[in-house]
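Please look through the model below with its aromatic side chains and its helices in mind. The paragraphs that follow lead from ring pairs to helix packing, and then to a helix and a strand residue elsewhere in the chain.

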Amino acid sequence: MAATNGELPPEPHKLFDTILVLDFGSQYTHLITRRLRELNIYSEMLPCTQKLADLEWKPKGVILSGGPYSVYEEGAPHVDPAVFELDVPILGICYGLQEIAWHHGKNVLAGEKREYGHAILDVHRHTGKQAHADRLFQGLEDDMEVWMSHGDKLSHLPTDFITLATTKNSPFAGIAHEEKEYYGIQFHPEVTHTKRGVHLLKNFAVDICKAQQNWTMEEFVGKEIARIRALVGEKGQVIGAVSGGVDSTVAAKLMKEAIGDRFHAIMVDNGVMRLNEAKIVKETLTAGLGINLTVVDASERFLGKLKGVTDDPEKKRKIIGNTFIEIFQEKAKEIAEAAHGSEREGEIEWLLQGTLYPDVIESISFKGPSATIKTHHNVGGLLEGMHLKLIEPLRELFKDEVRALGTTMGIPEYLVWRHPFPGPGLAIRILGEVTPEQVRIAQEADHIFIEEIKAAGLYRDISQAYAALLPVKAVGVMGDKRVHAQVIALRAVQTTDFMTAECYPFDFKFLNRVSTRIVNEVHGVCRVLYEVTSKPPGTIEME
């Protein structure tokens, strides 16, 4: 339904000055967007193959990311040439610098020596008509410590460009066009290893692109509520999934503020939730936040469909995502029939989902740079022909922005800082077939792990933690008897954006205490491991 004036409030990139980041497949690309958001500058990331003619908005500036390719190779990704006709500042980072040079003369070659790790940047200063180019390094020291990760480099300066910085291995570590606002740097300012990289990004976005630093959750919440009201209309109704996690809780609160009781929150007990989760969530959302909530026990239905699925995590996600939608459509029909004839009468057209920006980024797949890491049930696991339209108010937000939004709306701290729980639930933390017995083991072990984390005062220090059940058995000795029982893997990570993560460094006494409790209290388990893989190369979840 459209707003009464026939127009919908615009999306964030039309409301806020936006820096467009074009992704060439670098593992760091998302960090560019994150750093800009931290500066209160709205930024969106799109694949480098994006056709500019398809955009309905104009960015204040464009950043070309790094990437794993060589611009001179056949099949290497290249930006839409229309980028250089936008008449906005452009910053190329690593591969992005080489892409700018390739566009201005194809003067890129393989370096004799790969440059990876820390390097000292010798910043050049200019006078006269070239002095404007120094704005990129304004306020930065002449000998700047930066992080390099490249094999190719420029063979010579493109025509009409000047040198801004050099390193021992890169004679053109920073370049700029003499007249146009085109800049290129061979290092990565978005990573923490580049000591003052954020300052450089601010120089580009604020001083050069003139982007306003007005991207805050206080600004976002009012505009998003107005957009939801216009989208849904005066009588339209929305059905939405809630799990008790921060994403769905914030999304539900936002919908409650926007359309009141016309938002119908549905919690589906899929049989693979945390211990006592359904009861806890119902009390929290109804009594605590006043949200209109219905709990549907569909555990047998989900577990029945998951029976026999042993080694295909993508199939698990699809089954769970599709079954969720089937149930939502059934509940939407029931609610619409129940509401018929009341003053709240209106068709159920919309399905709320708590999709976040990392979900969107990880589900992007195009020829060349990025490959799909996994299908998120929010993004790629929906039924074809689904008659409910999606409404995703958190789609442009990172996790820390969602927490800030929840705080802005007055959601209690213990809810705002609750660890994330995946939509497919324990099904992707139980490796192998999901059965009622496997669910019990995973639930009990997870409950002990989280209980001990909270008791140790570590919960806020950890971004996400859980116990996973491995599809193997090991020999143990319990009660003077040899047993052949299952293995639990504990996982706890620290992260700010959930795109990269490091394992949490528990001390051995803590791990020993958790292991002892799980083996003693969870029937069927004889061993406990601690999983230490970072992301990348691993993912936070097991499947």
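Rings of Phe, Tyr and Trp (its six-membered ring) are taken to pair if their centres lie within 6.5 Å, and a pair is called stacked when the planes are under 30 degrees apart, edge-to-face when they are over 60, and tilted for the rest. The model is a predicted one, in which local features need pLDDT of at least 70 and side-chain atom pairs count only at pLDDT 80 or more, whereas totals for chains, interfaces and linings use all residues. Residues are numbered from 1 along each chain as its sequence is written, and side-chain values use heavy atoms, with hydrogens and water left out.

By the ring rule there are 13 aromatic pairs. In one of them the ring centres of W215 and F220 are 5.5 Å apart with the planes at 65 degrees, so this pair is edge-to-face. W215, at 2% relative accessibility, counts as buried, a word that here means under 20% relative accessible area, with exposed meaning over 50% and partly exposed lying in between (1.4 Å probe, protein chains only). F220 also counts as buried, at 1% relative accessibility. F449 and F506 form another edge-to-face pair, at 5.9 Å centre to centre and 65 degrees between the planes. This pair links distant parts of the chain, since F449 belongs to helix α13 and F506 to the loop between β17 (502-503) and α14, 57 residues apart; helices (H or I, at least four residues) and strands (E, at least two) are DSSP runs, numbered from the N terminus.

Elsewhere, helix α6 (residues 246-259) has 14 residues and reaches 20 Å from its first C-alpha to its last, close to the 20 Å expected at 1.5 Å a residue, the expected span being 1.5 Å times one less than the number of residues. Twelve of the 14 residues of α6 are buried, so the helix is largely enclosed by the rest of the structure. Just after α6, G260 takes a positive phi of about 65 degrees.

A119 lies in strand β5 (residues 108-123) and, at 10% relative accessibility, counts as buried. Leaving aside neighbours within four places in sequence, A119 is in contact with M144, E145, V146, M148 and T167.

Note on methods. Contact = heavy atoms within 4.5 Å.
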